[in-house]
Amino acid sequence: MSFLIGEYECKLDTKGRMVLPAALKRQLPDVEREGLVINRGFEKHLVIYTREEWNAITARLAQLNQYVEKNRMFIRNFTRGATELSLDAAGRVLLPKGLLDYSGITGEVVLACQVNKIEVWSKDGYEEFMNGDLGEDFSALAEQVMGGFDLGGLANG
């Protein structure tokens, strides 16, 4: 699997459609054939998955014991609003109104690639979130999250 990179600013039209940026589309060679899946993120944003990635995630969800209440609740909440997206002839995707309402996205959008998925944020929401509490604590977070990994001689930032 190749990993997605980049951060892209886009605009929604009045119908909630967005043109997928060409640079991002090049990273998704099978998007026109396989489509995409969008659903709610853990924060007030949306997440777009390739069909392959969504299938892998739902296969893992299917392995959870559904007799356990927490598992059922997680599956319901995680898949809530999940919708297939497909590109139209103009290379646009229609973002579902319910998901736009949930995320507060109205006009300007930031698509932020996160390894195997694309986060979709309102531009203002993204800037607020990224400039929020973490600030200078990013170095400490990096140490907590990545400090124990043997990076195999990779250069550190």
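The dialogue below covers pockets, then cysteines.

Reply: This is a predicted model, where local features need pLDDT of at least 70, side-chain atom pairs count only at pLDDT 80 or more, and totals for chains, interfaces and linings use all residues. Residues are numbered from 1 along each chain as its sequence is written, and side-chain values use heavy atoms, without hydrogens and water.

Me: How much space lies in the largest pocket, and which residues lie nearest its centre?

Reply: Rolling a probe the size of a water molecule over the atoms shows where empty space is left. On a 1 Å grid over the protein atoms alone, a pocket is an open set of points where a 1.4 Å probe fits, with protein on both sides within 12 Å along at least five of seven lines; lining residues have an atom within 4 Å of a point. The largest pocket holds about 230 Å³, the space filled by probe spheres set on the points. Among its 14 lining residues, Gln27, Leu28, Pro29, Thr50 and Glu52 lie nearest the centre.

Me: What is the volume of the second largest pocket, and which residues line it?

Reply: Its volume is about 190 Å³. The lining consists of Glu43, Gln114, Lys117, Glu119, Trp121, Tyr126, Phe129 and Met130.

Me: How many disulfides are there?

Reply: A disulfide is a pair of cysteine sulfur atoms within 2.5 Å. The count is zero. The sulfur of Cys113 is too far for a bond because the closest cysteine sulfur, in Cys10, is 10 Å away.

Me: Is Cys10 buried or exposed?

Reply: Buried means under 20% relative accessible area, exposed over 50%, and partly exposed in between (1.4 Å probe, protein chains only). Cys10, at 10%, is buried; Cys113, at 11%, also counts as buried.
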